[in-house]
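Hello,

Here is the structure I promised to pass on to you. Please open it beside this note and follow along as you read.

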Amino acid sequence: MCSFIVEPINETAMKYYINKTLEAQSFSGVKEKVTAALKEQGFGVLTEIDIQATMKKKLDKDYLPTLILGACNPGFADKVLTIDPNMSAMLPCNVTIRELENGKIEVSAIDPEAAMVPVGKEEIKPLAKEVKEKLAKAIEAIK
């Protein structure tokens, strides 16, 4: 089961992501599962950043396999951008796949409700909640 409730961690921080940890398995297989689960919820993957390769190339630093997928649900993106075109700076929703030291794999996504708190636009809050629910369903579906 994935965690998707925004809970205060301390007085100044709140949980800003949705996540699930999977048993050790093929990293590329998890990527395929994540992409399929996102598609099932109406998201496409617009961008992919390979953190492991980037950090090795730019800083000669070793990282475990980590990908950042830029996921977008066009219908929701259109609604948000219609309310405030500057919201483009908050898009797409990042979903990460990260191998942990113990060999397990964590899948995480930005919590859109938490991300929208500083924006302060009431009309965006229900959309952020719906996107959060869809991202949580996608992550929950990954086995």
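Leaving aside its neighbours within four places in sequence, which residues is lysine 31 in contact with? Lysine 31 is in contact with Glu48, Leu67 and Ile97, where contact means heavy atoms within 4.5 Å.

Before going further, a word on where this comes from: it is a predicted model, in which local features need pLDDT of at least 70 and side-chain atom pairs count only at pLDDT 80 or more, while totals for chains, interfaces and linings use all residues. Residues are numbered from 1 along each chain as its sequence is written, and side-chain values use heavy atoms, with hydrogens and water left out.

Back to lysine 31, which lies in helix 1. Helices (H or I, at least four residues) and strands (E, at least two) are DSSP runs, numbered from the N terminus. Lysine 31 counts as partly exposed because its relative accessibility is 26%; buried means under 20% relative accessible area, exposed over 50%, and partly exposed in between (1.4 Å probe, protein chains only). Arginine 98 is 67 residues from lysine 31 in sequence, yet their C-alpha atoms are 10.0 Å apart in space.

Now to a pair of helices. The axes of helix 3 (residues 74-83) and helix 5 (residues 125-141) come within 11 Å and cross at roughly 160 degrees. That makes the two helices roughly antiparallel, since angles under 35 degrees count as roughly parallel, over 145 as roughly antiparallel, 65 to 115 as roughly perpendicular and the rest as oblique. The axes are lines fitted to C-alpha atoms, for helices over the stretch in contact, and angles run from 0 to 180 degrees between N-to-C directions.

Where they meet, helix 3 brings Phe76, Lys79, Val80 and Ile83, and helix 5 brings Leu127, Glu130, Val131 and Lys134. Five of these contact residues are nonpolar, none is polar and three are charged. (Ala, Val, Leu, Ile, Met, Phe, Trp, Tyr, Cys and Pro count as nonpolar, Asp, Glu, Lys and Arg as charged, and the others, Gly among them, as polar.)

Valine 80 of helix 3 is buried, because its relative accessible area is 11%.

Helix 5 itself has 17 residues and reaches 24 Å from its first C-alpha to its last, close to the 24 Å expected at 1.5 Å a residue; the expected span is 1.5 Å times one less than the number of residues. The buried residues of helix 5 are Leu127, Ala128, Val131, Lys132, Leu135, Ala136, Ala138 and Ile139. They pack against strand 1 (17-22), helix 1 (27-40), helix 3, strand 4 (93-99), strand 5 (105-110) and helix 4 (112-116).

A few spots in the loops are worth a look too:

- Glutamine 41, in the loop between helix 1 and strand 2 (44-50), is buried at a relative accessible area of 16%. Beyond residues up to four places away in sequence, glutamine 41 touches Asn73, Lys134, Lys137 and Ala138.
- Leucine 91 and proline 92 are joined by a cis peptide bond, with omega about -5 degrees. Proline 92 is found in the loop between helix 3 and strand 4.
- Aspartate 60, in the loop between helix 2 (51-59) and strand 3 (66-72), has phi near 50 degrees, a positive value in a residue other than glycine. Aspartate 60 counts as exposed, at 56% relative accessibility.

Best wishes
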